[in-house]
Amino acid sequence: MADAPANLFMTIPHPAPTSADMRNAAIADPGFGKVFSDHMVSIDYTDGKGWHNASVGPRVPISLDPAASVLHYAQEIFEGMKAYRQADGSLSLFRPEANAARFNASATRMAMPTLPEDLFVAAVREQVRIDRDWFPTVEGGSLYLRPFMFATEAFLGVRPALEYKFLVIASPAGNYFKSGSPAVSIWISDYSRAAPGGTGAAKTGGNYAASLIPTAEAFSRGHDQVLFLDAVEHKWVEELGGMNLFFVFDDGSMVTPPLTGTILPGITRDSLLQLAREEGLTVREEPYSIDQWRADAASGKLVETMACGTAAVVTAVGHVAGPDGEFTIGSGGPGQLTTRLREKLVGIQRGAIADTHGWVMQVD
Ligand code: PLP
Ligand code: COI
């Protein structure tokens, strides 16, 4: 993909950047989603005019008309991706074109304008460059990037808005899970996240709003994530609140739920599918029921379960609990394949393992 012209983004100087001392304290152990860098990228869209007003400048509050459509009808989409500091000090992104493509698929589902993929990637690169001092120093740290778009038009009729804003913000990130445990515990929700024909495959805020009550319930019961079953039969395992799932069996094969429109097509999921198949493993994309999962865990046929996503990377699921009781997977800790695939993926992302797929994009 060609680099966007250097002058594409007007640079607005920051009047009062964070001091080096304060920044260093903030990035030493940032956790997830709490610390934010100094800058943001911004691009506006108006029907008939298209994308314009591209800038990179201070991260500041945004002012919106109280009638802005996003506040009433939730026309909003986002992406989640990470930039890494490689062993040689250079900065890189992982499969940013895949995020650009998914962003546009989400935009299309939410009746929003698409953003040219090279403009999306240029915006993210610009953000990484300007916040290059914000990479966390903690082991396993990265710069989490949040590109997002929302409807800004002041209009209360129900139709797709005519004006939008696209922003990119950055957040130095360490471990997503508060527990820091090598294996996480999940709670099976009675609530549904997404129905056939709905917006489950789009990365839109409403899907996450629907997940908040069950997520709060999972947390209050001491679990790390919520598990959603399908909305029709309440039988088939779909995904977690912010991660896809893989099941590993004692014959070395794996299963992951298929992309039928109700789950997010994860880029980590797709990467693991490719890495596992290249290793010669059999991976089936097929429905897997909660009853089968429980039975397979009890019989020992199921040996590992992994949760995967940008924020979570690849993390073992150790315990599963729900209204009908709970079960443990394997020893309750990370199994061999989870550990191996995680090391391979992280190795590629951070430049320790050769990138034979063209997944890693250097930023500078
Ligand atoms: N499923 C949901 C609901 C998510 O929010 C995420 C995170 O983005 C994923 C799956 C994993 O997607 P990815 O691997 O692209 O981060
Ligand atoms: C991600 O993994 O990037 C996500 O978006 C998951 C969650 C933080 C919403």
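Into which domains is the protein chain divided? There is domain 1, residues 10–173, and domain 2, residues 183–349. Before I go further, note that this is a predicted model. The C-alpha centres of the two domains are 27 Å apart. Where they meet, domain 1 puts 21 residues into the contact and domain 2 puts in 21 residues.

Now the ligands, starting with ligand 1. Which residues come nearest to ligand 1? There are 17 residues around ligand 1, and the nearest are Arg102, Tyr208, Glu239, Thr268 and Thr310.

The side chain of Arg102 has an N or O atom 2.7 Å from an oxygen atom of ligand 1. For Lys203, a polar side-chain atom is 2.8 Å from an oxygen atom of ligand 1. Glu239 faces a nitrogen instead: a polar atom of the Glu239 side chain lies 2.6 Å from a nitrogen atom of ligand 1. As for cover, ligand 1 on its own exposes 380 Å², and the protein buries 96% of that. Ligand 1 sits in the largest pocket.

Next, ligand 2. Where does ligand 2 sit? Ligand 2 is in the largest pocket, and the largest pocket is also where ligand 1 sits.

The residues surrounding ligand 2 are Phe32, Phe78, Gly80, Tyr144, Arg146, Tyr176, Lys203, Tyr208, Gly242, Thr310 and Ala311. By type, that shell has six nonpolar residues, three polar ones and two charged ones.

Why does ligand 2 lie between the two domains? Domain 1 (10–173) and domain 2 (183–349) both give residues to its shell, so ligand 2 lies between them.

An N or O atom in the side chain of Tyr144 is 2.7 Å from an oxygen atom of ligand 2. The side chain of Lys203 has an N or O atom 2.8 Å from an oxygen atom of ligand 2. You will remember Lys203 from ligand 1, where a polar atom of its side chain lies 2.8 Å from an oxygen atom. With Ala311 the backbone is involved: a backbone N or O atom there is 2.8 Å from an oxygen atom of ligand 2. Ligand 2 on its own has 280 Å² of accessible area, and the protein covers 88% of it.

If you have the structure open, Lys203 is a place to start, with a polar side-chain contact to ligand 1 and another to ligand 2.

Note on methods:
Residues are numbered from 1 along each chain as its sequence is written. Chains are lettered from A and ligands numbered from 1 in the order in which they are written. This is a predicted model: local features need pLDDT of at least 70, side-chain atom pairs count only at pLDDT 80 or more; totals for chains, interfaces and linings use all residues. Side-chain values use heavy atoms; hydrogens and water are left out. A residue is near a molecule or strand if one of its heavy atoms lies within 4 Å of it. A polar contact is a pair of N or O atoms within 3.5 Å; within protein, one must be able to donate a hydrogen and the other to accept it, and residues adjacent in sequence count only if both atoms are side-chain atoms. Accessible areas come from the Shrake-Rupley method with a 1.4 Å probe; for residues, only the protein chains shown count as cover. On a 1 Å grid over the protein atoms alone, a cavity is a set of points where a 1.4 Å probe fits but cannot get out, and a pocket is an open set with protein on both sides within 12 Å along at least five of seven lines; lining residues have an atom within 4 Å of a point. A molecule sits in a cavity or pocket if more than half of its atoms lie within 2 Å of its grid points. Ala, Val, Leu, Ile, Met, Phe, Trp, Tyr, Cys and Pro count as nonpolar, Asp, Glu, Lys and Arg as charged, and the others, Gly among them, as polar. Domain bounds come from an automatic or database domain assignment. Contact means heavy atoms within 4.5 Å.
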